[in-house]
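Morning, everyone. Please have the sequence and the model open while I talk. I'll go chain by chain.

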Amino acid sequence: MRLRTNVDAAPGRSPRQAIPFLLPALVVLAALVLYPLVYSLIRSFFDARGDEFVGLSNYVDTFTDPRTLTAFRNNVIWVVVAPAAVTGLGLIFAVLTERIRWATAFRLVLFMPMAISLFASGIIFRLVYEEDPNQGIVNAAAVGVHDVFSPASQYPGARPREGYAATEAGFTAARPSRAGEVITLPLIGFSPQDVPAQALPASVPSAGDGELRGVVWLDVSVGGKAGSVDPTERGLPGVAVEAVREGKVVARTTTGDDGRFTFPDLARGEVVVRLPSSNFTLPFRGLTWLGPSLITPVIISSWIWIMTGFAITFIAAGLSAIPRDALEAARVDGATEWQVFRRVTIPLLSPVLLVVFVTLVINVLKIFELVFVIAPGSVQEEANVLALQMWQVSFGTGGDQGAGSALAVILFLLVAPAMLFNIRRFRRERS
Amino acid sequence: MRKQFIALLALAAAAGTGACSGGAAGTSAQDLKGQTVEVVGPWTGDEQKNFEKVLAEFTSKTGAEVKYTPAGDELPTVLQTRISGGTPPNVALIAQPGLVAQFAKANALKPVNADVEKAVTDHNAAVWKKLGSVDGKLYGFTFKTANKSAFWYSEKAFKQVGATPPATWDDLVKTSKAISETGLAAVAVGGADGWTLTDWFENVYLRTAGPENYDKLAKHEIPWTDPSVRKALEELAKLWGEPTLVAGGALQTEFPKSVINVFGEPPTAAMVFEADFVASVISTNTKAKVGQDAKFFPFPSVAGSKDAVVAGGDMAVQFKDDKATTELMKFLASPESGQIWAGLGGFLSPNKDIPSSAYPDDVTKDLAKRVVDAGDNVRFDMSDLAPAAFGGTKGAGEWKDLQDFLADPKNVDGIMQRLEANAVKAYGK
């Protein structure tokens with residue numbers, strides 16, 4: 001190419017002219033992007049102190065460390081599940097909200113989580129999934145629904161003091177008894193304050209001819225003797241008691257307000273007394289959402305909540321750019337709404353969907369704050385992801401910035417293909 | 001304004017003649033005027049205000065200006081950066097003895113002056129001097145300490161079964177079982193935070209294995225597969241291994257929550273073990289009154305062990321050795337400085353010459369007395385002595401291994417092997 005004499009007439013054609021103008025940007029770029037990038041790469045070949053060249057050993061350590069492997073595994077789960085879910089949900093909401101009246105208001109609400117910092121969202125979800133139903137709303141809902149269908153037992157957690165074996169059916173006496181005997185059945189593991197108001201002081205019934213009698217009471221009091229009915233101890237009303245013979249329940253009764261029960265007409269022979277477990281089932285407390293098995297799905301769900309608004313906004317913008325006549329033509333040709341959506345809308349939207357998806361993949365690979373905030377310390381290892389592991393290795397645990405840099409380089413290599421893809425796409429669109 | 005200044009001057013003069021006769025022979029009031037000393041410490045909020053009152057006293061005594069920079073939990077990073085940048089503060093208060101040793105070995109610290117050393121020797125048990133020494137030279141002393149050997153209990157829950165504070169570990173297990181009969185869990189454990197669990201272990205280990213083994217294990221001179229570790233874990237399992245004794249969901253419970261579980265409404269447990277700072281969690285988060293509804297008993301003796309205390313603390317060290325810096329170190333090492341903060345509350349000192357009347361209430365008095373009385377049986381928190389990769393990382397090393405132990409207290413052997421493997425990696429030997 002020949003240079004014209006008048007450079008101003010063709011600005012940008014001369015590299016010599018361009019350099020001074022590009023220089024400030026180049027310097028900033030070099031200082032803030034290129035230098036850290038190259039330095040991290042170099043640093044990753046050195047040991048923790050930074051003065052001994054160790055070759056690839058940081059990378060070898062990284063790929064053999066079980067913590068890092070867990071982080072890899074979790075990152076794979078994240079990449080497979082999260083971006084697809086968010087893109088799908090975004091598409092559904094964008095298409096649905098297009099038709100309704102208050103579309104903008106609706107989208108605004110869905111977009112709002114984006115305005116909250118990831119850190120704050122993390123704290124919100126940490127509380128949402130709290131195990132204690134009095135604090136965590138998810139477990140509160142679960143407990144509420146559960147209790148409608150199977151109400152809580154009367155004496156949750158109570159248990160006989162001794163001499164009874166815990167079986168599936170309930171607490172079964174170790175020794176058999178027969179008519180004419182008196183059974184004393186002390187229970188513990190229950191607060192005296194929670195005993196029903198109608199309960200009366202307990203006392204041992206006298207033996208009855210041909211009857212098996214007994215008393216069930218709460219053997220808990222200050223200075224009380226274990227296993228004996230003390231003056232302040234009250235009977236437990238409404239406890240179901242069963243008499244079992246050869247595996248079959250032959251009689252069933254419940255205790256009175258003083259805790260006494262009677263099996264009036266047991267035939268001759270021995271029976272085993274059993275307290276069915278329905279008396280003592282612990283109240284349903286919901287699930288351990290923040291435990292090791294559910295922690296990654298829980299964090300992903302909160303990320304979906306945050307990012308769906310982002311996907312909706314982009315996809316809705318793409319939707320409004322679709323030529324209406326294409327949709328109309330399909331409808332005129334007799335296509336159903338589903339067919340229009342499937343065969344016309346989605347193909348026309350696919351460039352937007354792809355960009356959204358790839359952006360989300362990049363975002364997911366870098367996920368850090370949510371995991372850091374939501375996972376309690378006890379399950380942080382199970383919830384670990386690469387970015388968090390990188391931070392912990394470099395700064396959290398005595399500062400091995402060599403290994404940390406190695407992780408950073410690996411993370412960069414994972415993100416790079418997605419970045420390149422996006423850049424090429426933008427370029428093609430522009431041309 | 002002027003009146004106030006004169007009053008302050010008078011006060012300073014009085015204090016100067018009264019208490020500082022030990023070291024500061026040549027320092028009459030105000031002769032360091034115009035000099036500035038910078039102090040970096042971990043305290044923020046109320047603690048910052050209280051510490052600044054201590055520093056104000058120094059200013060009024062000597063005339064030297066003191067600038068306090070709070071660095072919070074990021075203190076190690078802040079100091080590291082400032083040392084690399086060539087602008088260290090004059091004095092820093094560091095909670096990790098390992099970091100002090102690291103700075104001392106890098107020649108960033110100045111050994112303390114002879115007067116300060118004398119004050120440290122005079123006012124503290126020998127164990128504290130040892131803690132501040134690196135390669136035979138004294139670099140610092142513990143200014144503020146934490147008594148990490150306290151069981152806090154709900155008076156109400158204890159009354160319900162007529163229990164009294166147990167003196168031995170077996171009694172503790174017995175009392176716990178009695179409490180569990182009332183349907184309440186005996187102890188709340190803040191297992192989501194790993195450091196509470198290391199404190200549990202350290203207290204039991206210090207008692208079952210003795211201070212010598214404790215020192216060895218802290219330096220990893222004996223392995224974590226040592227029989228003494230097994231013994232401690234087995235004792236711990238006597239309590240942790242009974243599902244009715246430990247409040248449910250311990251691994252999802254953070255430390256403040258574990259305190260609220262005992263003293264809040266409704267309570268789910270009767271006791272919580274941790275340091276003196278539980279008291280401040282109780283008073284800010286619950287209606288319970290410390291000393292009335294919430295009391296403490298010292299960590300019980302295990303198998304006849306003597307009184308011992310696991311302590312944490314912030315060590316004062318100096319990066320410069322000009323006159324004003326040395327004077328400030330001297331002031332911080334004297335009982336006088338600690339006495340000011342002690343009166344303001346939320347402060348314990350290993351300094352045995354701070355009169356117990358300086359502390360504002362009986363509970364604090366007792367907590368401070370136990371640290372002083374344990375004398376050379378005080379040991380610094382082992383996990384703070386260990387490399388951070390082992391003793392101070394969320395979800396890794398000792399923290400994670402003890403969390404796994406809490407989840408499955410039967411697995412003593414497996415946990416010991418994991419602890420040893422992680423320790424080998426972190427200590428590099």
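One term before we start: two residues are in contact if their C-beta atoms, placed from the backbone, lie within 7 Å. Also keep in mind that this is a predicted model.

Let's begin with chain B and its domains. Chain B is divided into domain 1, residues 38-147 + 310-379, and domain 2, residues 150-307 + 386-427. How far apart do the C-alpha centres of these domains of chain B lie? The answer is 28 Å. Now apply the contact term. On the domain 1 side of chain B, 16 residues are in contact, and they meet 19 residues of domain 2 of chain B.

Which elements of chain B supply that side of domain 1? Strand 6 (140-147), strand 11 (309-318) and helix 15 (362-373) of chain B each bring at least two residues to the side that touches domain 2. Helix 15 of chain B gives the most there, with 5 residues.

Stay in chain B and look at strand 1, residues 36-41. Strand 1 of chain B runs parallel to strand 2 (residues 65-70) of chain B, and 6 bridges join them. How does the chain get from one to the other?

Strand 1 of chain B has another partner. With strand 3 (residues 91-94) of chain B, strand 1 pairs in the parallel sense over 2 bridges. The bridge partner of B:V39 in strand 2 of chain B is B:Y68. In strand 3 of chain B, the bridge partner of B:V39 is B:V91.

Over to chain A. The domain assignment gives domain 1 as 43-139 + 289-430 and domain 2 as 159-279. Here the C-alpha centres of domain 1 and domain 2 of chain A lie 58 Å apart.

Next, two sheets in chain A. One is an open sheet of 4 strands in the order 1-4-5-8, with mixed pairing. Its edge strands are strand 1 (159-160) and strand 8 (260-263) of chain A, each pairing on one side only. Strand 1 of chain A pairs with strand 4 (residues 182-188) of chain A in the antiparallel sense, over 2 bridges. There, A:P160 has A:L187 as its bridge partner in strand 4 of chain A.

The other sheet is open too, with 5 strands in the order 2-3-9-6-7 of chain A and antiparallel pairing. At its edges are strand 2 (164-166) and strand 7 (248-254) of chain A. On average, neighbouring strands of this sheet are turned by 25° against each other, direction ignored. Strand 6 (residues 240-245) of chain A is joined to strand 7 of chain A by 6 bridges. In strand 7 of chain A, A:K248 is the bridge partner of A:R245.

Last, a helix pair. The axes of helix 9 (residues 337-365) and helix 13 (residues 401-430) of chain A come within 10 Å and cross at roughly 160°. Angles over 145 degrees count as roughly antiparallel, so helix 9 and helix 13 of chain A are roughly antiparallel to each other. The crossing of helix 9 of chain A past helix 13 of chain A is left-handed. Among the residues that meet here are A:V355, A:V358 and A:I362 from helix 9 of chain A, and A:L411, A:L414 and A:F421 from helix 13 of chain A.

Notes. Residues are numbered from 1 along each chain as its sequence is written. Chains are lettered from A and ligands numbered from 1 in the order in which they are written. This is a predicted model: local features need pLDDT of at least 70, side-chain atom pairs count only at pLDDT 80 or more; totals for chains, interfaces and linings use all residues. Two strands pair if DSSP finds at least two bridges between them. Domain bounds come from an automatic or database domain assignment. Axes are lines fitted to C-alpha atoms, for helices over the stretch in contact, and angles run from 0 to 180 degrees between N-to-C directions. Angles under 35 degrees count as roughly parallel, over 145 as roughly antiparallel, 65 to 115 as roughly perpendicular and the rest as oblique. A crossing is left-handed if the near helix is turned anticlockwise from the far one by less than a right angle, and right-handed if clockwise.
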